[in-house]
Amino acid sequence: MDCVKRILTYFVVLVFLISRVKAQGRIVGGVATNIANTPYLIQLRTRSDDRLFCGGTLVTYSHVVSAAHCVREDFTNDMIAVGGATSIYEKGVQRSISSYLIHPKYRNVTASGYDIVVYKLAAPMRGDFIQPISLCSRKLKTGDRIHVSGWGRHYEKSEPSIYAHTVSVPVVDRNVCKRNYLDLYGEDRIKDIVFCAAELGVRDACQGDSGGPAVFRRELCGIVSWGRGCARPQYPGVYTSVLNLRNFIIFAVRNM
């Protein structure tokens with residue numbers, strides 16, 4: 001009888017621990033947030049099946065910045081931008097995409113850099129908990145902590161998150177990041193237009209966060225671009241530098 005009780009006790013404890021793990025932030029090591037805290041955070045969904053595929057950032061009431069590798073020609077007409085929604089199941093404020101501009105130097109996500117796209121919305125996006133964010137005006141230094149938000153996975157093979165999460169991670173020394181990825185790929189893929197950030201082995205962005213914002217002192221300073229896995233000890237996340245591509249964003253906003 002005692003043996004049965006012990007087995008039942010272990011089972012209850014195991015269920016409790018599993019539930020705690022599942023409740024952890026979807027961004028690796030992050031915490032749940034409300035869209036009221038990140039009113040610039042945008043979901044990019046497909047209209048036909050209401051599936052979230054990337055994040056984005058509202059930089060004017062009519063323009064969203066995201067990652068170029070999120071663009072898929074076959075369903076661009078099926079895309080909608082959703083603001084003011086904490087959950088991927090909330091309707092929020094929805095807008096169709098009328099046009100978009102990818103940086104002309106973008107070739108692929110890891111080799112060329114320039115992983116940025118600006119979307120023009122079919123109509124201005126306004127409503128509760130919707131507010132554009134300013135573009136980056138200062139150069140990041142090693143150790144500066146950025147705030148990354150999105151609906152991505154909480155570890156490499158998990159399901160995407162239902163609710164928005166945010167994580168604070170420090171900017172990683174460029175030479176360290178460059179050396180580690182150089183050892184991995186055999187060539188330099190850390191261009192001058194990107195920066196690296198993560199609490200190595202602990203906190204990071206993950207799949208599903210692509211295109212989302214990295215914010216420093218209430219300014220959009222980075223776009224979630226790529227990385228080797230999620231929160232791996234040697235490989236921090238790689239972000240497109242908004243400061244370096246600020247002029248491209250301004251050009252796109254003025255001409256779309």
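Contact, as the word is used in these legends, means heavy atoms within 4.5 Å. The model is a predicted one, in which local features need pLDDT of at least 70 and side-chain atom pairs count only at pLDDT 80 or more, while totals for chains, interfaces and linings use all residues. Residues are numbered from 1 along each chain as its sequence is written, and side-chain values use heavy atoms, with hydrogens and water left out.

**View A. Surroundings of aspartate 144.** Leaving aside residues up to four places away in sequence, aspartate 144 touches Lys139, Val169, Pro170, Val171 and Phe216. Aspartate 144 sits in the loop between β8 (134–135) and β9 (145–150); helices (H or I, at least four residues) and strands (E, at least two) are DSSP runs, numbered from the N terminus. With 11% relative accessibility, aspartate 144 counts as buried, a term that means under 20% relative accessible area, whereas exposed means over 50% and partly exposed lies in between (1.4 Å probe, protein chains only). The side chain of aspartate 144 also reaches the backbone nitrogen of lysine 141 at 2.7 Å; a polar contact is a pair of N or O atoms within 3.5 Å, and within protein one must be able to donate a hydrogen and the other to accept it, with residues adjacent in sequence counting only if both atoms are side-chain atoms.

**View B. Helix α2 and its two faces.** The 12 residues of helix α2 (residues 174–185) should span 16 Å at 1.5 Å a residue, and the end C-alpha atoms are 16 Å apart, which agrees; the expected span is 1.5 Å times one less than the number of residues. The buried residues of α2 are Cys177, Asn180 and Tyr181. They cover an arc of only 90° around the axis, which puts them on the same side of α2, the arc being that of the directions from the helix axis to the C-beta atoms. Their cover includes β11 (194–197), β13 (219–226) and β14 (237–241), while the face of α2 turned away from the buried side carries the exposed residues Asn175 and Asp183. At the N-terminal end, aspartate 173 caps α2 through a side-chain oxygen that lies 3.0 Å from the backbone nitrogen of asparagine 175, and just after α2, glycine 186 takes a positive phi of about 80°.

**View C. Strand β2 and its neighbours.** All of strand β2 (residues 41–46) is buried, 6 of the 6 residues, so it is largely enclosed by the rest of the structure. Leu41, Gln43 and Arg45 are buried on one side of β2, and Ile42, Leu44 and Thr46 on the other. Strand β2 pairs in the antiparallel sense with β3 over 6 bridges and with β5 over 4 bridges, where two strands pair if DSSP finds at least two bridges between them. Leucine 44 stands opposite cysteine 54 in β3, and the bridge partner of leucine 44 in β5 is alanine 81. Between β2 and β3, which form a hairpin, there are 4 residues, and aspartate 50 in the turn has a positive phi of about 55°.

**View D. The loop between β12 and β13.** Arginine 217 lies in the loop between β12 (213–216) and β13 and has a positive phi of about 50° although it is not a glycine. Arginine 217 is exposed, with a relative accessible area of 59%. Arginine 218, in the loop between β12 and β13, has a positive phi of about 65° and is exposed, with a relative accessible area of 76%.
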